[in-house]
Amino acid sequence: MQVCVIKNTEPKNVNIPLVAAAGAGAGLALRHFMPVHKPEIDSVMFGESEVLKENNIKNAKKAVLSDLFKTAGKDKDNQALQLFIERTKASVKYDQAGSDKQLKAEAVKLAKAAKEKIKAAPAEVQKEVHNLTEKAVNKVRAAKILTEANIKSAVKQARPVWAYVLPGAALGALGAYVYNVIGTISED
């Protein structure tokens with residue numbers, strides 16, 4: 001009596017529709033994780049992204065300064081806050097001067113005077129002025145970063161879904177088909 005070894009001749013195939021669905025999911029992920037470039041931002045935002053950033057930064061500066069002015073009005077004994085406000089008023093005056101050289105020169109004189117007063121103040125007051133400056137700068141920087149992130153997110157959401165899903169699904173199906181064919185050929 002002869003003994004025969006039973007071989008499993010069924011090839012190890014990959015389910016093509018399942019891999020196509022995985023490719024479509026990868027395409028959707030790619031849609032979100034691909035970096036955003038300036039021409040794409042301009043096409044979606046109609047070239048207004050820089051204006052939007054500037055407006056949000058200006059609004060953040062106004063909000064920070066108005067909060068500090070309110071605090072300075074309530075706490076008139078805080079020397080550091082008063083010095084910071086004096087220096088900030090000179091900066092605001094310089095920004096508002098535009099192209100008027102005389103107003104800019106006056107603003108520069110006010111800023112220099114405020115800077116000298118801060119240097120002449122005690123070390124604790126100087127440190128507090130520095131902390132106030134850092135807080136204001138950080139709030140404005142956060143507004144800038146959030147605005148940029150919101151713009152990029154809006155551009156990513158405006159990308160067409162099918163332009164990423166269909167190629168992903170097609171590449172996944174093609175890859176599964178090639179794998180199945182090569183697997184069948186290698187067994188023969």
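Visitor: From what relative accessible area does a residue count as exposed?
Guide: This is a predicted model, and its residues are sorted by relative accessible area. A residue is buried under 20% and partly exposed in between, while exposed means over 50%.

Visitor: Is F46 buried or exposed, and why?
Guide: F46 is found in the loop between α2 (38–45) and α3 (49–74). Its relative accessibility is 70%. Exposed means over 50%, so F46 counts as exposed.

Visitor: What is the phi of F46?
Guide: F46 is not a glycine, although its phi is positive. The angle is about 55°.

Visitor: How many helices and strands are there in the chain?
Guide: From the N terminus on, the elements run α-α-α-α-α-α-α. The count is 0 strands and 7 helices.

Visitor: What radius of gyration does the chain have?
Guide: The C-alpha trace spans about 110 × 40 × 25 Å along its principal axes. For a compact globule of 188 residues the radius of gyration would be near 16 Å. The chain has 32 Å.

Visitor: How many Å apart do the centres of the positive and negative side chains lie?
Guide: The chain has 29 positive side chains and 20 negative ones.

Technical notes: Residues numbered from 1 in each chain as written. Predicted model: local features only at pLDDT ≥ 70, side-chain atom pairs only at ≥ 80, totals over all residues. Heavy atoms only, no water. Helix = DSSP H or I, 4+ residues; strand = E, 2+ residues; numbered from the N terminus. Buried < 20%, exposed > 50% of the residue type's maximum accessible area, 1.4 Å probe, protein only. Rg over C-alpha atoms; globule rule 2.2 N^0.38 Å. Lys, Arg positive; Asp, Glu negative; His and termini not counted. Charge placed at Lys NZ, Arg CZ, Asp CG, Glu CD.
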